[in-house]
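Subject: Structure handover and notes

Dear colleague,

I am passing on to you the structure below, together with some notes on what was found in it. Please read the notes with the model open beside them.

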Amino acid sequence: MVYKKNAYLCKHYIVGIKMVKERLIPDYIFESSWEVCNKVGGIYTVLSTRAKTLQDMMRDRIIFIGPDFPYEDEHPYFQESDELFQDWRKAAEGAGLRVKIGRWDVPGEPIAILVDFQPFFGDKDAIYTWLWEHYQVDGLHAYGDYDEASMFSYSAALVVESFYNYNLSGNESVVYHGNEWMTGLGLLYINNKLPQIGTVFTTHATSIGRSIAGNMKPLYDYLFAYNGDQMASELNMQSKHSIEKQTAMHVDCFTTVSDITAKECEELLDKPVDVVLPNGFDNSFVPPPVAFNKKRKLARKRLLEVANALLGENLGDDTLIISTSGRYEFRNKGVDVYIEAMNRLLRDKDLKKKVLAFIEVPGWVGEPRKDLADRLKSGERYDVPLEVPQVTHWLHEMSHDNVLGMMKYFDMHNRKEDHVKVIFLPCYLDGKDGILDMSYYDIVLGNDLCIYPSYYEPWGYTPLEAIAFKVPCITTDLAGFGLWVNKVLGGYGELGDGVKVIHRTDYNYSEVADGIKDAVAEFSHFTKKQIEAARNNASALSEKALWSEFIQYYYTAYDIALSKARQRIKDLNIK
């Protein structure tokens with residue numbers, strides 16, 4: 001079956017003619033990621049919030065491809081449909097592809113195809129051999145998630161190949177976009193087997209750059225001197241680095257998410273990016289004013305209930321509620337310097353309000369604390385703290401946890417006399433954690449201030465989410481988002497601007513901790529008028545980062561990929 005092209009008008013864009021202000025745009029986009037319909041990290045938010053913008057433009061000609069896990073009972077973010085692509089589904093299954101076709105349960109509801117990659121493990125050695133022979137990718141040092149990601153990537157490419165050959169005439173302009181090194185194998189397969197398809201590769205963080213930073217090595221001062229291949233060997237990252245580097249070298253358009261990561265790519269992958277694709281936001285997640293105010297009150301009420309039950313306190317609504325959140329990368333995300341700053345704030349005489357500081361980072365969580373859950377159910381008020389009043393859920397290996405270990409080292413035990421209480425929420429805030437039982441987006445708007453003092457952060461979605469919910473935040477200029485804020489403001493952001501950007505280097509950890517301490521103390525002195533202005537400025541700044549503003553960079557990437565594919569077709573004389 002061949003789908004006819006429809007001339008589709010979207011603002012100034014005419015898809016059927018394939019030209020947009022002299023830019024080529026695709027008739028079809030296939031985009032793959034390990035996090036399509038699979039909520040495990042920040043890339044899920046990037047793709048899911050961008051989906052509506054692309055769906056509005058492409059009308060079911062943007063197709064996302066993600067992993068299927070047949071051993072799981074359900075996919076909570078995926079709605080399967082028996083009506084979509086019925087004929088092709090049968091053909092694909094006949095060729096050995098096990099797919100589920102439906103829609104991603106996010107705004108825009110784009111088409112999503114989930115593929116079962118398990119059957120290809122039996123061909124793993126042959127696939128890696130082909131990859132070495134054609135692209136010199138080192139698969140010999142694979143370990144951990146490399147094999148699983150590679151088999152998914154390979155199966156996703158087979159889905160694209162099958163769909164293209166069955167459904168399209170060959171005259172359509174098609175882009176295949178892969179995210180992170182996990183999609184590299186598939187991009188190289190498409191590059192080899194379907195040269196008429198334009199390929200786009202986005203690295204959201206280089207695997208070797210993240211590893212250097214995570215292994216406590218100074219990344220930025222020595223970036224010019226690092227050799228990516230050498231460091232990959234030293235840190236046992238040869239296979240991931242190899243697939244990422246070769247994919248960057250061979251795709252039609254190589255991209256990343258910020259200027260700071262673009263420098264990293266050039267130095268560590270030996271390949272400059274073709275275009276930077278900053279991460280935007282879809283503010284349909286933000287409730288309208290009346291609902292917003294109600295949700296904010298509910299969030300603050302719940303956060304205070306949990307804290308008071310755990311601490312045996314009676315903290316009121318005038319308490320300054322702050323938080324940090326993200327992946328559990330203790331140094332890279334700045335969790336260490338956040339705790340350091342809270343410890344120093346304990347003795348800060350300029351602090352005007354009591355502070356309730358949450359660490360919302362999913363750790364190796366065991367189960368919700370029954371003693372805390374029982375207190376919350378009772379609704380009673382307690383004046384005696386629970387045992388270990390620093391954590392809401394029991395952890396596996398409590399004695400080896402970095403957060404609890406650092407708090408113990410600083411003797412931070414949330415005593416009655418402490419004006420700063422720090423509480424670790426070591427679970428995914430999905431609304432079903434057993435203690436808070438509210439989703440992250442419902443909780444974040446209850447904060448007065450969010451703090452993300454990142455050391456390694458290619459973009460920084462959490463601060464962008466915070467300001468979209470009118471919560472002023474603190475970040476650093478080692479985060480791509482922080483650099484973007486400075487560029488927009490024409491200088492270093494301050495709390496009154498909605499985002500304070502702290503200068504951070506490889507070696508100024510102590511100064512950053514003091515900067516955070518001083519900023520929280522300063523914020524505690526803000527008048528209601530100053531707070532409202534900061535909140536409004538935060539919201540206004542977030543609107544400059546909507547996908548409607550940033551999608552233009554994707555049009556550029558598609559144009560680059562399609563232009564190279566068109567030239568390749570001419571060079572190879574492909575009809």
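In what follows, two residues are in contact, or touch, when they have heavy atoms within 4.5 Å of each other. This is a predicted model, in which local features need pLDDT of at least 70 and side-chain atom pairs count only at pLDDT 80 or more, whereas totals for chains, interfaces and linings use all residues. Residues are numbered from 1 along each chain as its sequence is written, and side-chain values use heavy atoms, with hydrogens and water left out.

Helices (H or I, at least four residues) and strands (E, at least two) are DSSP runs, numbered from the N terminus. A residue is called buried under 20% relative accessible area, exposed over 50%, and partly exposed in between, with a 1.4 Å probe and protein chains only. A polar contact is a pair of N or O atoms within 3.5 Å; within protein, one must be able to donate a hydrogen and the other to accept it, and residues adjacent in sequence count only if both atoms are side-chain atoms.

I begin with Lys333, which lies in the loop between β14 (320-325) and α11 (335-345). Lys333 counts as buried because its relative accessible area is 11%. By contrast, Lys333 and Arg89, which are 244 residues apart in sequence, have C-alpha atoms 42 Å apart in space.

Ser33 is placed in the loop between β5 (28-32) and α1 (42-58) and is buried, with a relative accessible area of 2%. A polar atom of the Ser33 side chain lies 3.0 Å from the backbone nitrogen of Glu35. Neighbours within four places in sequence left aside, the contacts of Ser33 are Ile43, Leu47, Ile65, Gly66, Pro67, Phe152, Asn179 and Thr183.

Ser153, in helix α4 (residues 146-167), is buried at a relative accessible area of 1%. Residues up to four places away in sequence not counted, Ser153 touches Met182, Thr183, Gly184, Leu185 and Gly186.

Ser524 is found in helix α17 (residues 509-524), and it is buried, with a relative accessible area of 1%. The side chain of Ser524 reaches the backbone oxygen of Ala521 at 2.5 Å, while the residues that Ser524 touches, not counting those up to four places away in sequence, are Leu320, Asp350, Leu351, Lys352 and Lys353. Ser524 and Asp350 are 174 residues apart along the chain, yet their C-alpha atoms are separated by 8.6 Å.

How do the helices α3 and α5 pack? Helix α3 (residues 124-135) and helix α5 (residues 184-193) pack at an angle of about 60° with their axes 11 Å apart, where axes are lines fitted to C-alpha atoms, for helices over the stretch in contact, and angles run from 0 to 180 degrees between N-to-C directions. The residues that meet are Ile127, Tyr128, Trp130, Leu131, His134 and Tyr135 in α3, and Leu185, Leu188, Tyr189, Asn191, Asn192 and Lys193 in α5.

Two residues stand out for their backbone angles. Most residues other than glycine have a negative phi. Met216, however, has a positive phi near 65°; it lies in the loop between α6 (207-214) and α7 (228-234) and is exposed, with a relative accessible area of 58%. Asn414, also not a glycine, has a positive phi of about 50°; its place is in the loop between α13 (402-409) and β18 (420-425), and at 6% relative accessibility Asn414 counts as buried.

Finally, the cysteines. A disulfide is a pair of cysteine sulfur atoms within 2.5 Å, and a search of the whole structure finds zero of them. Cys473 is in no disulfide, and the nearest cysteine sulfur, that of Cys450, is 7.1 Å away. Cys473 is buried, with a relative accessible area of 0%.
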